[in-house]
Amino acid sequence: MKSLLRLFAQLVLVAGPLAAQTPRSLAKHCPEELNAEVTRAAGKPTAELGAFLTFGGGADCMTALLLTQYSGTDSLLDRAQQVKAALQQNSSSGSGTSLVSKGLTSQVLSAAAEYGALAQTTSGQTVTLSGSLGGIPAALTRQALIDNCDGIRIPGALCASNATVNRLNRLSYTVAFNTGSTAQSVSGAAAATTPTSTAQVVTFNATTNTITSATGKFVILRGAAANIAATAAAIDKLGTKPMPTTQMTKAQKDSFVAMNNYDNMPAVKTWRSQTAAKILAAPPGDAANVWLQQADALLSAICPPNGPNPKCRATVLTQLGSYAVFVNSYKASVNAFVETLRKSPLLTLEYDYNRPASQPTNSTVRLVGQTVLGGWTLTGNGAVSVYDSTPSSAIPGASLLRDVQIAAEACYDFSKLKKSTLLGHSTASTAYYFQNQTSPAILNVTPGQPVTGVTITGLPATATQVYAQKGIISILQGKFTYSPGSSSISLPVSFTWSNRTELVTNPTWRGQVGISYDFDSLFGSSK
Amino acid sequence: MSACLTTPPTFDQPLLIAAKPGNIKLKVTGTVFFDPSQTDVITQDGAKIPFVCTALTLSFTAVAGATYFLEILHGGIMSNSEGFLQEDCDNPVTLATLSSANTAARYQVVVAAAAPGGTAKASA
């Protein structure tokens, strides 16, 4: 697992736009915060400036300041392993939980899954892996393999900022695997026909279809970020459930409390007064440099060079490292939480690689746009689908261009009405889908082995492909979901009409009535 | 609104909030929020006392003569978020700055002892 971890980290570090760090760099927001306090202080020693120079009020910046005195030059992975060993967090070193157990790609995917960089879901015989590019550095940060540029940076380590993670998260992917018995079909043909023989030589031909589809999405225009009111509402809605953020362990809490005790040491109080005086006397814009120069004095105040405890500095650095690991992970998790509250993307480019069973592979490029106007959510998309190889010339009208798709949907949320009504959170939507099937839909067939779910009669023994009629496909759908008040019950009613499908040329009508209940509401309770 | 019970810290004691007994309700303004499940109000002995914490408020009952520690974990909606801890009262003043530069804060609340006659005097 160690080598696997090293491989995964190295791959990511090579690929990711991570920032290398100079030995004396700090959490970048500390100088900003210090300058803000100095401006507010207007030359006087204020409580806020004093708090900034304590662990109780400025723990992250005090930790970052002291860590500049850390002279270790251990490699990134060695450092991470030291931290992990010290914190006894090596709970992910087990084996046997990965989807795929052999091969370089599968190992990387496996490590990514185990460290939270991608999600794996299973439905029937289909296993789907999905994730976003930003999930990889975020997972490395949570595992303390790299630092968070927005948190506390340990000298010698690489870091990924929350902004970098958010940018990478614009690119997401989904890969669906068929793990069922239909993933591979084998057919055979006798090499010779000798009726009297009891044994025959047969030539086998296998067709594998393990990956059924792969999708990549890139968000061109992101939706608006959540403001503080929306964020607070989302937190309060959690009730007694904790925020989905990194939880401080007991060891990390103990380190934080122990660091706070240093604030009351007489030598540290003296350091605070002297440092504040120097900061306030510094030329404008030089406060951070003055503060940085006081790092050695702070460490000496906490651990005098000739003090009675020879292990003092080692103890302090362990406490600082423990707290720093928590902060880096916590800030990554807070960023992830806030990003989940961001509004839907405004414009997305999507690529689908489709390998449907018994059909030629095809690729679809789709542009999706969405906007919200009051209670209305308007969505539109356009797509072009092409076959990945030129269809047989024996199929009339077949070309690389498979079809062109245009779709539009308008959805109204009745909860946006100024006055509450009996409709509560009900929604009404209507959608229209247009597809110009410029090339016939094609099915691959094997003589004597029919396509699952399709019965074809009168097919010549030599046929390997069948095709349907090309033409225009129109689908109209209306849906109303009745969700009264704050009830967890909803009643969806929908109808769908289409003039034809890709294979069947007859019009179809369909109606659906359902009932759903949000069981999550049973487990969430207000304070 | 009601009269303020708290007095802001000073430079010499930047983590000490003096208070009068009563129900103290604190709020954070700006673009910072509390992490309610990782925010605590404890006594000097480390025992938790009853308190209510939401994303933007923290309230508890301060008993005369007691000392509490506010252990606050906070986040921000931006990487450079800044917020101000204030009491939710008439003419509130800033008790502390909570910014994204820092994550965990630990402030001490010292409640004045009840004076003879039932009134309390806040002192640091």
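Colleague: How many of the eight residues of helix α7 (residues 135–142) of chain A are buried?
Modeller: This is a predicted model, and burial here means under 20% relative accessible area. Helix α7 of chain A is largely enclosed by the rest of the structure. The buried residues include A:Ile136, A:Pro137 and A:Leu140. The count of buried residues is seven of the eight.

Colleague: Which residue just after α7(A) takes a positive phi?
Modeller: The helix itself runs over residues 135–142. Just after it, one residue has a phi of about 65°. That residue is A:Ala144.

Colleague: How much area is buried between chain A and chain B?
Modeller: Start with the contacts: 50 residues of chain A touch 40 residues of chain B. Carbon and sulfur atoms give 59% of the buried area. The area itself is about 3300 Å².

Colleague: Which side chain of chain B meets A:Arg40 in a salt bridge?
Modeller: Two salt bridges are counted between chain A and chain B. In the one with A:Arg40, the N to O distance is 2.9 Å. A salt bridge needs a nitrogen of Lys or Arg within 4 Å of a carboxyl oxygen, so this pair qualifies. The partner is B:Glu82.

Colleague: How many residues on the side of chain A that touches chain B are nonpolar?
Modeller: Across this interface, 17 residue pairs are in polar contact. Elements giving two or more residues to the chain A side include α2 (29–41), α4 (55–67) and α14 (312–340). The residues on that side include 14 polar and 13 charged. The nonpolar count is 23.

Colleague: Is B:Ala104 buried or exposed?
Modeller: B:Ala104 sits in strand β11 (residues 104–111) of chain B. Beyond its sequence neighbours within four places, its contacts include A:Gly56, A:Phe256 and A:Tyr323 from chain A, with B:Ile72 and B:Leu73 from chain B. Its relative accessible area is 3%, so B:Ala104 is buried.

Colleague: How far apart are the C-alpha atoms of B:Ala104 and B:Ser59?
Modeller: The two residues are 45 residues apart along chain B.

Colleague: Are the rings of A:Phe414 and A:Phe480 stacked or edge-to-face?
Modeller: Over all chains, the count is eight aromatic pairs. In this pair the ring centres are 6.3 Å apart and the planes stand at 70°. Planes over 60 degrees apart count as edge-to-face. So the pair is edge-to-face.

Colleague: How many residues apart are A:Phe414 and A:Phe480?
Modeller: A:Phe414 lies in the loop between β12 (401–413) and β13 (427–437) of chain A, and A:Phe480 in strand β16 (residues 471–482). The pair links distant parts of the chain, 66 residues apart.

Colleague: Which of these two counts as partly exposed?
Modeller: A:Phe414 has 19% relative accessibility, so it counts as buried.

Colleague: Which residue's backbone nitrogen does the side chain of A:Ser426 reach?
Modeller: A:Ser426 is found in the loop between β12 and β13 of chain A. It is buried, with a relative accessible area of 0%. Leaving aside neighbours within four places in sequence, A:Phe414, A:Phe480 and A:Tyr412 are among its contacts. At 2.9 Å, its side chain reaches the backbone nitrogen of A:Ser483.

How values were computed
Residues are numbered from 1 along each chain as its sequence is written. Chains are lettered from A and ligands numbered from 1 in the order in which they are written. This is a predicted model: local features need pLDDT of at least 70, side-chain atom pairs count only at pLDDT 80 or more; totals for chains, interfaces and linings use all residues. Side-chain values use heavy atoms; hydrogens and water are left out. Contact means heavy atoms within 4.5 Å. Buried area is the accessible area (1.4 Å probe) that two parts lose on being put together, summed over both. A polar contact is a pair of N or O atoms within 3.5 Å; within protein, one must be able to donate a hydrogen and the other to accept it, and residues adjacent in sequence count only if both atoms are side-chain atoms. Helices (H or I, at least four residues) and strands (E, at least two) are DSSP runs, numbered from the N terminus. Ala, Val, Leu, Ile, Met, Phe, Trp, Tyr, Cys and Pro count as nonpolar, Asp, Glu, Lys and Arg as charged, and the others, Gly among them, as polar. Buried means under 20% relative accessible area, exposed over 50%, partly exposed in between (1.4 Å probe, protein chains only). Rings of Phe, Tyr and Trp (its six-membered ring) pair if their centres lie within 6.5 Å; planes under 30 degrees apart count as stacked, over 60 as edge-to-face and the rest as tilted.
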